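I opened the model to see how its parts are held together. These are my notes, in the order I looked things up.

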Amino acid sequence: IREGGDSPELYFEAAMRAHNLGMYELLVSYLNTFLERYPPTQWVYYYLAIGLLETKKFNEALEAIKKEIAEFKGEGIHIESIVAAANAQLGNHSVAAKAVEKSLKMSLSDIDDLTSEGVSSALERLWRAAKVMGNKVLISKMESRLLCSGFAPEEYFVEQRASQKPKDLN
């Protein structure tokens with residue numbers, strides 16, 4: 001991009017690198033430039049929604065994910081994770097809870113459009129949304145799903161260890 005490159009593939013690849021590095025403001029910048037210059041393609045609004053969610057622009061994240069759904073018939077656990085996370089942060093707990101419940105009905109083995117990292121991040125986003133809502137039933141269901149799928153993040157285990165009393169080794 002610095003050397004004058006200008007193609008949709010270049011901007012999308014730069015956005016994916018920013019995403020992988022956790023540089024969400026840069027991710028949003030690259031995807032906004034992409035959308036200013038080129039017609040939207042599948043996944044652009046989804047990744048834009050992730051960037052907006054991570055930069056705490058929850059209403060904008062919902063707008064972006066609605067565009068992914070409307071223009072590209074986006075559906076799946078990754079879409080529901082954005083809907084749940086943004087709505088949980090905005091206090092729209094009934095909408096967020098419905099998205100978590102909907103995701104819980106989805107079979108992970110049927111997912112063929114996400115990498116394992118994509119599935120993992122979607123599940124973690126759903127778990128965090130349940131925690132933001134303070135919904136103990138959904139938290140428990142999401143924790144079970146994380147454990148059964150092998151995608152439980154380290155944070156889950158840290159919390160579990162912190163809540164246990166030290167064992168007497170004598």
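**Ground rules.** This is a predicted model, so I noted that local features need pLDDT of at least 70, that side-chain atom pairs count only at pLDDT 80 or more, and that totals for chains, interfaces and linings use all residues. Residues are numbered from 1 along each chain as its sequence is written, and side-chain values use heavy atoms, with hydrogens and water left out.

**Overall.** I found nine helices and zero strands. Helices (H or I, at least four residues) and strands (E, at least two) are DSSP runs, numbered from the N terminus. From the N terminus, the order reads α-α-α-α-α-α-α-α-α. The C-alpha atoms fill a box of roughly 70 × 35 × 30 Å along the principal axes. I then checked burial, where buried means under 20% relative accessible area, exposed over 50%, and partly exposed in between (1.4 Å probe, protein chains only). Of the 170 residues, 41% count as buried. The protein exposes about 10,000 Å², and carbon and sulfur atoms supply 50% of that area. Accessible areas come from the Shrake-Rupley method with a 1.4 Å probe; for residues, only the protein chains shown count as cover. Next I looked at contacts, meaning heavy atoms within 4.5 Å. Among contacts with a separation of 6 or more, 57% join residues 24 or more positions apart.

**Salt bridges.** I counted nine salt bridges in the structure. Arginine 128 pairs with glutamate 124, with the closest N and O atoms 2.4 Å apart. Both sit in helix α7, four residues apart, so about one helical turn separates them. Arginine 128 is partly exposed at 34% relative accessibility. Which residues share this network? Salt bridges with shared partners join Glu124, Arg128, Lys131, Glu155 and Glu159.

I looked up aspartate 6 next. Its side chain meets that of arginine 37 in a salt bridge, 2.9 Å from N to O. Aspartate 6 lies in the segment before α1 and arginine 37 in helix α2, so the pair ties together parts 31 residues apart in sequence. Aspartate 6 is partly exposed, with a relative accessible area of 46%. Arginine 37 is also partly exposed, at 47%.

I then checked lysine 141, which forms a salt bridge with glutamate 101; the closest N and O atoms are 3.6 Å apart. Lysine 141 lies in helix α8 (residues 136-149) and glutamate 101 in helix α6 (residues 93-104), so this pair ties together parts 40 residues apart in sequence. Lysine 141 is partly exposed at 38%. Glutamate 101 is partly exposed at 28%.

**Helix α3.** Is α3 enclosed or open? I found 10 of its 11 residues buried, so α3 is largely enclosed by the rest of the structure. The buried residues include Val44, Tyr47, Ile50 and Leu53. They pack against α1, α2, α4 (58-72), α5 (77-90) and α7 (116-133). After α3 comes lysine 56, with a positive phi near 65 degrees.

The axes of α1 and α3 (residues 44-54) come within 11 Å and cross at roughly 35 degrees. Axes are lines fitted to C-alpha atoms, for helices over the stretch in contact, and angles run from 0 to 180 degrees between N-to-C directions. The crossing is left-handed, meaning the near helix is turned anticlockwise from the far one by less than a right angle. Phe12, Met16 and His19 in α1 meet Val44, Tyr47 and Ile50 in α3.

**Histidine 78.** I placed histidine 78 in helix α5. Is histidine 78 buried or exposed? It is buried, with a relative accessible area of 4%. Leaving out residues up to four places away in sequence, histidine 78 touches Trp43, Tyr46, Asp113, Leu114, Ala122 and Arg125.

**Methionine 23.** I found methionine 23 in the loop between α1 (8-20) and α2 (24-37). Methionine 23 is partly exposed, with a relative accessible area of 40%.

Key. A salt bridge is a side-chain nitrogen of Lys or Arg within 4 Å of a carboxyl oxygen of Asp or Glu.
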